[in-house]
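Good morning, and thank you for making the time.

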Amino acid sequence: MSSTPGPANVPLSSHVPELGALELLLAVVRLGSLGRAAAELGITQPAASARIAAMERQIGVTLLERSPRGSRPTEAGALVAEWAAQVVGAAQALDAGISALRERRDARLRVSASLTVAEYLMPGWLLALHAALPGTAVTLRAANSTEVAAHILDGEADLGFVEGVRIPTGLDGVVVARDRLLVLVAPAHRWARRRSPLSPAEVAGTRLILREHGSGTREVLDAALAPVGGLAEPLLTLASTTALKSAATSGAGPAVVSELAVADDLAAGRLVAVPVADLVLERPLRAVWPKGAKPKGPARELLSLIRSTRNQRNARTDQRD
């Protein structure tokens with residue numbers, strides 16, 4: 001059985017002028033002058049006159065009577081202006097509603113970040129964002145890089161931060177920082193007394209304390225050691241940087257941890273970094289978002305602040321060098 005189209009399915013008549021033309025007509029009726037109406041709307045008088053003439057042809061009636069004293073609506077023009085006021089008023093209400101929705105959206109930022117980024121970089125970044133946009137409510141989820149990518153793809157986060165050798169499938173991204181992985185042991189471990197660097201094969205053949213699959217740390221380490229046969233079976237697999245540091249500090253075995261996370265431990269002598277020859281364990285830290293989209297509102301502002309901070313840090317480094 002066929003259904004009758006509702007009002008929402010009925011297209012507007014070709015006689016209905018655009019909003020800009022209706023706003024011009026209302027301004028002429030209110031001000032009594034085509035020239036003053038044109039000036040108020042920021043257009044030239046010839047352009048305003050041409051727009052009125054085009055609207056009269058579209059509607060099929062004369063809307064204004066022009067004289068040396070100004071312009072006033074015809075009887076038909078007064079009726080059209082009365083109807084136009086309702087249309088323009090409704091459009092203004094719609095615009096105000098859309099603006100309110102955008103303000104509500106722009107007052108919220110949902111971030112999902114890898115554990116290293118969430119713990120060691122996000123606090124400073126979010127403080128800067130709060131200073132720039134104090135009314136923004138931010139929620140932060142810490143997860144491994146695979147989970148962060150899933151949060152973005154599922155629409156559960158507006159902006160993500162991941163570690164790893166590549167941008168996850170379905171996302172676009174930009175490098176916002178760089179990090180280095182270190183092989184760490186307790187001071188009593190035999191590697192702490194080595195005078196020569198470890199070889200990649202020694203690292204690969206040793207049972208290490210590692211992050212889980214899906215983490216950026218594990219992805220980088222797997223890729224770096226693939227040419228020498230890959231990692232041995234882990235001694236322990238732990239889901240947080242703090243747990244890795246604690247296990248290594250206790251003497252359980254060597255761990256591979258972000259340099260960002262261990263500055264205090266190295267300075268205090270709780271952990272020792274063991275050099276590894278011919279092994280690059282640097283990794284990019286990326287901001288990511290859905291492919292084809294661009295970060296907006298607070299997400300865009302946060303990215304801008306991060307880039308600014310990074311540029312300032314690079315400039316200070318160049319000056320020292």
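Predicted model: local features only at pLDDT ≥ 70, side-chain atom pairs only at ≥ 80, totals over all residues.

Residues are numbered from 1 along each chain as its sequence is written, and side-chain values use heavy atoms, with hydrogens and water left out.

Let me begin with the helices. Helices (H or I, at least four residues) and strands (E, at least two) are DSSP runs, numbered from the N terminus. Two packed helices are described by the angle between their axes and the distance between the axes. Axes are lines fitted to C-alpha atoms, for helices over the stretch in contact, and angles run from 0 to 180 degrees between N-to-C directions.

Helix 1, residues 19-31, and helix 2, residues 34-41, have axes that come within 8 Å and cross at roughly 130°. The two are therefore oblique to each other; angles under 35 degrees count as roughly parallel, over 145 as roughly antiparallel, 65 to 115 as roughly perpendicular and the rest as oblique. On the helix 1 side, the contact (heavy atoms within 4.5 Å) involves Glu23, Leu24, Ala27, Val28, Arg30 and Leu31, which meet Leu34, Arg36, Ala37, Glu40 and Leu41 in helix 2.

How do helix 2 and helix 3 pack? Helix 3 spans residues 45-59, and its axis lies 9 Å from that of helix 2, at an angle of about 105°. Helix 2 and helix 3 are therefore roughly perpendicular to each other. Helix 2 contributes Leu34, Gly35 and Ala38 to this contact, and helix 3 contributes Gln45, Ala48, Ser49 and Ile52.

I turn now to the strands. Two strands pair if DSSP finds at least two bridges between them. Strand 6, residues 171-185, runs antiparallel to strand 11, residues 282-290, and nine bridges join them; here Arg180 stands opposite Glu282. Four bridges join strand 6 to strand 9, residues 255-258, again antiparallel, and Leu182 has Val257 as its bridge partner. Strand 6 also runs antiparallel to strand 10, residues 272-274, through three bridges, with Val185 opposite Val272.

Finally, strand 1 (residues 64-67) and strand 2 (residues 70-73) are antiparallel and joined by four bridges. They form a hairpin with two residues between them, and Leu64 stands opposite Pro73.
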